Amino acid sequence: AGHVGKAREIFERECFDHADSAAAGYLSMMYFKGILPADRDTAIAAARLLWAATRDERPSAAHRLGTQYLSSRDLQVRAEGRRLVQKAQEADYPYAHCVMGILHWQEKAYKQAADDFRRYPQIRQDRKALPMYADTLEKLGRALEAADLYGVMWDSFHQDGAADKARDLYLQAGRPDQALAYAGSGTKGLDAEQLLKLAAACRTASDRKRALDYYRQALDRGVRCRFQIASLLRELGQLREAYETDCAGVQEGETRCGAGVFRYLLTHAEDADVQREWPEDRVDSLALLVENGSLREDIEDIRPALGVRLAEIYFEGRGVARSLRDSARCASWAPNDPKSLFYMGYAADQNQYPLLSREEGVQYIQEAADRGVPEALVDIGDRWERSDMIPRAIVCYQTAYGKGYKPAAIRIGDLYRDGKVGLILGRIPDRKTAQEWYDRGR
């Protein structure tokens with residue numbers, strides 16, 4: 001009612017004459033709120049009386065008074081206020097933990113602050129103290145705990161910047177899956193590594209479109225991630241765009257992209273544009289690149305076809321040194337392919353494939369011939385010729401030639417040249433017919 005003097009008289013009488021703790025609290029508050037002229041000694045006496053009267057029952061009184069004293073500009077009064085709050089904290093008064101946490105945070109005593117805030121049960125509902133606790137944990141390097149608190153700040157209070165903090169700290173803590181919940185606030189401040197982590201988390205969560213967006217942003221920041229982009233495009237059914245991305249990756253030195261290009265060539269071999277862009281010698285180079293620059297999981301679905309192509313390259317020495325051992329090794333990636341049987345069998349017959357004996361090698365060649373492999377037919381034909389079983393040899397050669405294998409025509413020409421076939425007996429050379437076959441074999 002404005003009768004400050006009368007109020008003072010009543011509070012002093014009740015405080016000092018009757019040890020009334022409530023009166024002591026009001027009296028102290030009036031001094032330190034500036035309602036009464038400053039009289040520090042009287043106020044401190046009232047505070048001590050308040051504490052003495054309530055220490056066994058109400059540590060809240062000490063806390064209340066201590067916080068009022070802490071707002072004073074007088075250092076001694078503030079020290080008394082701190083002592084009172086500490087007394088309340090010793091009595092495990094919850095709000096005293098919060099105040100001491102704030103004091104320690106302001107003093108940059110982060111370990112003590114973290115312990116104080118941890119003991120404050122309502123910390124997650126306190127809009128003032130929660131940011132200090134989160135900042136404390138962040139400065140102590142406890143990124144995951146700090147991220148959880150920033151997440152609460154965003155989810156409960158929509159505090160500015162909290163979502164970005166939560167996202168960044170979850171990424172720092174290696175939890176990109178949790179960071180995704182706060183990634184909607186924008187990616188402007190993210191570096192390339194953080195974008196890659198978010199993209200990987202999205203992919204794990206089968207959110208391909210979102211992952212694709214993050215990978216493209218990382219690409220714009222200079223990260224070589226065309227392989228991941230192409231893989232996602234294939235999963236989304238955008239095969240042509242995936243192929244073009246892989247081609248760009250190969251040109252930029254991303255060797256893992258080679259597998260994607262090779263995969264596309266297998267399924268689009270009849271495409272005129274593809275044939276023009278990828279002549280046979282370039283496909284050979286690509287196959288060798290894929291062999292040397294891809295991981296096993298990159299080529300799992302194309303490994304058989306890749307193996308057959310590489311086996312042929314090594315067998316014929318196209319662009320590389322001829323190696324029967326490497327030819328057989330690659331052929332083993334497609335053990336049921338008839339051409340692979342020939343390459344493995346031939347290498348074994350030449351003692352270049354230790355996984356098979358020579359006898360097993362011949363069996364492999366024969367099986368390949370039975371399944372119509374021209375090279376195997378010529379090899380079997382050579383064996384018949386060496387055994388002077390010319391009719392059988394020429395059947396093999398002619399069958400191979402009928403499949404478009406021109407070296408078989410040379411073998412037939414040799415038989416006519418040497419007089420081993422023809423209408424005239426006695427091994428008389430038939431050079432005219434031989435030349436006709438040679439011409440066919442060119």
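Student: What makes Tyr-346 count as buried or exposed?

Tutor: Keep in mind that this is a predicted model. Tyr-346 has a relative accessible area of 19%, and buried means under 20%, so Tyr-346 is buried.

Student: And which label does Phe-342 get, and why?

Tutor: Phe-342 comes out at 3% relative accessibility. The cut-off is under 20%, so Phe-342 counts as buried.

Student: How many aromatic pairs does the structure hold?

Tutor: There are 10 aromatic pairs. One of them joins Phe-342 and Tyr-346, with 5.7 Å centre to centre and 50° between the planes.

Student: Why is the pair of Phe-342 and Tyr-346 called tilted?

Tutor: Planes under 30 degrees apart count as stacked and over 60 as edge-to-face, and the rest are tilted. The planes of Phe-342 and Tyr-346 are at 50°, so the pair is tilted.

Student: Where do Phe-342 and Tyr-346 sit along the helix?

Tutor: Both are in helix α21 (residues 338-349), four residues apart, which means about one helical turn separates them. They also belong to one aromatic cluster, together with Phe-315 and Tyr-343.

Student: What about Tyr-401 and Trp-437: why is that pair edge-to-face?

Tutor: Their ring centres are 5.4 Å apart, and pairing asks for centres within 6.5 Å. The planes are at 80°, and over 60 counts as edge-to-face, so that is the label for Tyr-401 and Trp-437.

Student: Which parts of the chain does the pair link?

Tutor: Distant ones: Tyr-401 is in helix α24 (residues 390-402) and Trp-437 is in helix α26 (residues 431-441), 36 residues apart.

Student: How are Tyr-401 and Trp-437 labelled for accessibility, and why?

Tutor: Tyr-401 is at 27% relative accessibility. Buried is under 20% and exposed is over 50%, with partly exposed in between, so Tyr-401 counts as partly exposed. Trp-437 is at 11%, so that residue counts as buried.

Student: What makes Arg-282 lie over the face of Trp-278?

Tutor: On distance, Arg-282 is at 3.8 Å from the ring centre of Trp-278, and the limit is within 6 Å. There is an angle condition too, within 35 degrees of the ring normal. Arg-322 likewise lies over the face of Phe-315, at 4.8 Å from the ring centre.

Student: How do you know that the span of helix α4 agrees with what it should be?

Tutor: Helix α4 (residues 59-70) has 12 residues, and at 1.5 Å a residue it should span 16 Å. Its end C-alpha atoms are 16 Å apart, so the two agree.

Student: Why is α4 called largely enclosed?

Tutor: Nine of the 12 residues of α4 are buried, so the rest of the structure largely encloses it. Among the buried ones are Pro-59, His-63, Tyr-69 and Leu-70.

Student: Why are α18 and α19 called roughly perpendicular?

Tutor: Helix α18 (residues 280-293) and helix α19 (residues 303-316) pack at an angle of about 110°, with axes 10 Å apart. The roughly perpendicular range is 65 to 115 degrees, and therefore α18 and α19 get that label. The crossing of α18 past α19 is left-handed.

Student: Why does Lys-108 count as exposed?

Tutor: Lys-108 is at 62% relative accessibility, and exposed means over 50%, so Lys-108 qualifies. This residue lies in the loop between α6 and α7 (110-118), and its phi is near 60°, a positive value in a residue other than glycine.

Student: How does His-158 get its label, and where does it lie?

Tutor: His-158 is at 51%, and the cut-off is over 50%, so His-158 counts as exposed. Its place is the loop between α9 (143-157) and α10 (162-172). Phi of His-158 is near 50°, again positive in a residue other than glycine.

Definitions and conventions. Residues are numbered from 1 along each chain as its sequence is written. This is a predicted model: local features need pLDDT of at least 70, side-chain atom pairs count only at pLDDT 80 or more; totals for chains, interfaces and linings use all residues. Side-chain values use heavy atoms; hydrogens and water are left out. Rings of Phe, Tyr and Trp (its six-membered ring) pair if their centres lie within 6.5 Å; planes under 30 degrees apart count as stacked, over 60 as edge-to-face and the rest as tilted. Helices (H or I, at least four residues) and strands (E, at least two) are DSSP runs, numbered from the N terminus. Buried means under 20% relative accessible area, exposed over 50%, partly exposed in between (1.4 Å probe, protein chains only). The expected span of a helix is 1.5 Å times one less than its number of residues. Axes are lines fitted to C-alpha atoms, for helices over the stretch in contact, and angles run from 0 to 180 degrees between N-to-C directions. Angles under 35 degrees count as roughly parallel, over 145 as roughly antiparallel, 65 to 115 as roughly perpendicular and the rest as oblique. A crossing is left-handed if the near helix is turned anticlockwise from the far one by less than a right angle, and right-handed if clockwise.
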